[in-house]
Amino acid sequence: MQPESVMTNCIFCDIIAKTAPAEILYEDEQCVVIKTIQPLTPIHLLILPRIHYSSLNDFTDSDSELAGHMLLIAKLMASRMNISDSGYRVAINVGAGAGQTVFHLHLHVLGGRPMGAGLMTERLG
Ligand code: AMP
Ligand code: ZN
């Protein structure tokens, strides 16, 4: 499936277009970094590609440069937030079954408190 550059009824597309509010911490020609409205950790950022992809499943071989760029922005933001050494987690929820609630691809950058060895940021019931 080809990504759309802008999707109507997508909150992240609206944030990127600056028609919806958000705390934007960084932006470049490929992505925008915001603070989540519901942080799971003291530092919880979201890296959004400017182009609308519903999920990681929409990435193809031609997106490898963007994929790598977003990972490097995660590292950059961790450094700027002073969590490079204390530790941080980069996560992508892919699909509702994995907890994805906003269907515009995004990387989570979580840190600022110890998170233990598991992948979960919160205990599941
Ligand atoms: P996920 O569950 O992986 O789809 O993550 C969605 C993330 O987007 C969560 O951290 C939400 O708190 C966050 N979120 C949803 N709506 C907004 C919004 N309007 N501004 C900032 N973050 C949002
Ligand atoms: Zn979107």
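Are Cys 10 and His 52 buried or exposed? Cys 10 is buried, and His 52 is buried too; buried stands for under 20% relative accessible area, exposed for over 50%, and partly exposed for what lies in between (1.4 Å probe, protein chains only).

## Basis of the model

This is a predicted model, in which local features need pLDDT of at least 70 and side-chain atom pairs count only at pLDDT 80 or more, while totals for chains, interfaces and linings use all residues. Residues are numbered from 1 along each chain as its sequence is written, chains are lettered from A and ligands numbered from 1 in the order in which they are written, and side-chain values use heavy atoms, with hydrogens and water left out.

Cys 10 belongs to the segment before helix 1 (11–16) and His 52 to the loop between strand 3 and helix 2, so the pair ties together parts that are 42 residues apart in sequence. Helices (H or I, at least four residues) and strands (E, at least two) are DSSP runs, numbered from the N terminus.

## Phe 12

Phe 12 is in helix 1 and counts as buried because its relative accessibility is 6%. Beyond its neighbours within four places in sequence, Phe 12 is in contact (heavy atoms within 4.5 Å) with Ile 34, Leu 46, Leu 48, Val 102, His 104 and His 106.

## Ligand 1

Polar contacts are pairs of N or O atoms within 3.5 Å. An oxygen atom of ligand 1 lies 2.7 Å from a polar backbone atom of Thr 101, and one lies 3.0 Å from a polar backbone atom of Val 102. His 108 places a polar side-chain atom 2.8 Å from an oxygen atom of ligand 1.

## Helix 2

The buried residues of helix 2 (residues 64–80) are Leu 66, His 69, Met 70, Ile 73, Ala 74, Met 77 and Ala 78. They pack against strand 1 (24–27), strand 2 (31–35), strand 3 (43–49), strand 4 (88–91) and strand 5 (107–111). Just after helix 2, Asn 82 has a positive phi of about 65°.

Technical notes: Expected span 1.5 Å × (residues − 1). Polar contact = N/O pair within 3.5 Å; in protein donor to acceptor, adjacent residues only side chain to side chain.
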